[in-house]
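Please read them alongside the sequence and the coordinates.

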Protein chains: 2
Amino acid sequence: MTQTSAPANEASQEALPRQHRHYSIGELARMFEVTPRTIRFYEQEGLLAPYREGQKRIYREKDRVRLKLTLRGKRLGFSLAEIREVVTMYDAMPDGNARQLWRLLEILAEKRDNLERQLEDIRLMRKEIDDVDQRARQVLRGLGQEA
Amino acid sequence: MTQTSAPANEASQEALPRQHRHYSIGELARMFEVTPRTIRFYEQEGLLAPYREGQKRIYREKDRVRLKLTLRGKRLGFSLAEIREVVTMYDAMPDGNARQLWRLLEILAEKRDNLERQLEDIRLMRKEIDDVDQRARQVLRGLGQEA
DNA sequence: CAAGCACTTTACGTTAACGTAAACCTCGTT
DNA sequence: AACGAGGTTTACGTTAACGTAAAGTGCTTG
């Protein structure tokens, strides 16, 4: 959120063959406009788990989706730790014990609350911005400059 | 967003005399559930400007509002630097020159875009969460546990 | 075969946003 | 007079999320 360049929400689709099925780290990095370093870091943090072909990392569709979700979470202000918690629990779901599943539901409810609060914040901030905008335009009109 | 305790959106209103007109740092800190350290830090970063009574900082209504807006901005992932940029330009508005005002409008548009992207992100993430939730409940039902 | 990519690992550096600790003042009480 | 509750300054510490640099590997292309 610090960058001024207003990055896109999702990957630059590149409208490429959806059947690629696997990607190099560089491809993925370009897709989502992040550096390879970031992707490696996410792996180290347990968010991605590409397989190797010799030395090189190979990412499949699943990894791409995870990266997408991770970045989305980040844009919403979630920490990598929080994101990992949900993501890994999701993966452990089918054979997860009841305790874990209840915990998961708990976390999800928490996240949902979080989103609701953000929605409210956005509503309020939008209004603030509109107000400031109005005032600025008014001052500009006072200066003879049409806004 | 890292805290698990799901803090409230706004100040705990305490339903107190609105005519207080000024607050100590401790009062403000309790109101917004932050530490005094945080408030002093925001001052140092040019976001707050309380006056002094001897040694002590005294905050007026205006400072309280600024703090509120600052924290809201933070919840939406804006950096203190970004927040300061808007806030200080806002204050300089009445006598601001045209260049500055245009710049302000520019920034506001940027922020608005940001919010729109966040709205979309929230929409998407909500759906993801609901999906995971459904799947988890389903597995739980399979285990004989009613969700 | 040299050059140039794209990738790898290791490791130290950086920034934002505070936390934490120490040492001090200044009240109003006890 | 001693104390505790709140405030103050100064300054070093911490964490997350990468950035950046160095040094090496492996392919393929002029």
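1. In this predicted model, α2(B) provides the largest share of the surface near DNA strand C, namely four residues, where near means that a heavy atom of the residue lies within 4 Å of the strand and where helices (H or I, at least four residues) and strands (E, at least two) are DSSP runs numbered from the N terminus.

2. As to conventions, residues are numbered from 1 along each chain as its sequence is written, while chains are lettered from A and ligands numbered from 1 in the order in which they are written. Local features need pLDDT of at least 70 and side-chain atom pairs pLDDT 80 or more, whereas totals for chains, interfaces and linings use all residues, and side-chain values rest on heavy atoms, with hydrogens and water left out.

3. DNA strand C is surrounded by 16 residues, the closest being Ser24(A), Arg57(A), Thr35(B), Arg37(B) and Tyr42(B). Of the atoms of DNA strand C that come within 4 Å of the protein, 71% belong to sugar and phosphate.

4. Phosphate oxygens of DNA strand C lie 2.7 Å from a side-chain N or O atom of Ser24(A), 2.8 Å from one of Thr35(B) and 3.0 Å from a polar side-chain atom of Arg40(A). Two or more residues of the surface near the strand come from each of α1 (25-32) and β3 (56-60) of chain A and α2 (36-44) of chain B.

How values were computed
Polar contact = N/O pair within 3.5 Å; in protein donor to acceptor, adjacent residues only side chain to side chain.
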